[in-house]
Amino acid sequence: MKEYLPNCIRNLIVELDHQNHIDNNLVSEIISEIKFSEEALKPFFHFDHPKNESYGRKLIWDNGDFKILLMTWHPGDFTAIHNHGYTEWGGVYFFGDATHRLYDVENDEISIVQKNVFPQGQVASICGDLTHLMGNSGDHDIITLHVYGSNTRKENVSEDAKIYMPEFQKIVTTMGSAYLNMDKALILSEKPFENIEHGVLADYFSLVKPFYERNKMAGVLKRMDNYLNHN
Ligand SMILES: [Fe+2]
């Protein structure tokens, strides 16, 4: 195993490698038992991410059948609404309080199931069809550690992640990135996104507005307002 990896990440990889079959209960148990060190993860911080990327995303390890990423969140950093493609099992460890929305999706129509804040120390489960959004509504930087895996695929476990972009009336797929205002180079496919419920829109726009404000994207902000007023 790579020498440069901190002990907590090596322990996580060894534990996951030892299992024949992993489900979300097992991965949560494994993540919960490891003592993660924020200090040791500093080499993977990506707080200097480009302004047009809506959060910091750094790959730590990709084994083929699972991968580990560190996400870094300035105040106002958010993902788009997204799912996790082919991911069959996974988990997130929260080093700080993160804002979270859980959605239900039926025929590309979205409704909010849960609005909450995941506290520091919490482990949350992730699988492919889980549709959510997360970010930092607080006033200081936070980090989260993410594991995505599969019992059947040997590569690209989070490929075919679906990203919902109400402000552009589009649904796109990616290899796993869930940035707001997704760069075209990361998009695998796209289709129209219509029929968005007013309450979902209002909540979503209130969360992602700081991203568009800091990028001075007045056109998108205006479109969001117009769209909200006509839906
Ligand atoms: Fe996610």
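How many helices and strands are there in the protein? Then go on to the iron ion: which residues coordinate the iron ion, and through which atoms?

Reply: The model is a predicted one. Its protein holds 4 helices and 12 strands. With a radius of gyration of 17 Å, close to the 17 Å that the globule rule gives for 231 residues, the protein is as compact as a globular protein of that length. The C-alpha trace spans about 55 × 35 × 30 Å along the principal axes. Of the 231 residues, 51% are buried. Among contacts with a separation of 6 or more, 69% are between residues 24 or more positions apart.

Now the site itself. Three residues are named as coordinating the iron ion: His-82, His-84 and His-132, each through NE2, at 2.1 Å. Along the sequence these donor residues follow the spacing H-x1-H-x47-H. His-82 belongs to strand S3 (residues 81-82) and His-132 to strand S8 (residues 131-135), so this pair ties together parts that are 50 residues apart in sequence. Both His-82 and His-132 are buried. Water is not among the atoms, so the site may look incomplete.

Back to the whole protein, for its surface and charges. The protein has 21 positive and 33 negative charges, and the mean positions of the two sets are 7 Å apart.

Key
Residues are numbered from 1 along each chain as its sequence is written. This is a predicted model: local features need pLDDT of at least 70, side-chain atom pairs count only at pLDDT 80 or more; totals for chains, interfaces and linings use all residues. Side-chain values use heavy atoms; hydrogens and water are left out. Helices (H or I, at least four residues) and strands (E, at least two) are DSSP runs, numbered from the N terminus. The radius of gyration is taken over C-alpha atoms; the globule rule is 2.2 Å times the number of residues to the power 0.38. Buried means under 20% relative accessible area, exposed over 50%, partly exposed in between (1.4 Å probe, protein chains only). Contact means heavy atoms within 4.5 Å. Lys and Arg count as positive and Asp and Glu as negative; His and the chain ends are not counted. The place of a charge is taken as NZ of Lys, CZ of Arg, CG of Asp or CD of Glu. Donors are N, O and S atoms within 2.8 Å of the metal (3.2 Å for Na, K and Ca); water is not among the atoms, so sites may look incomplete.
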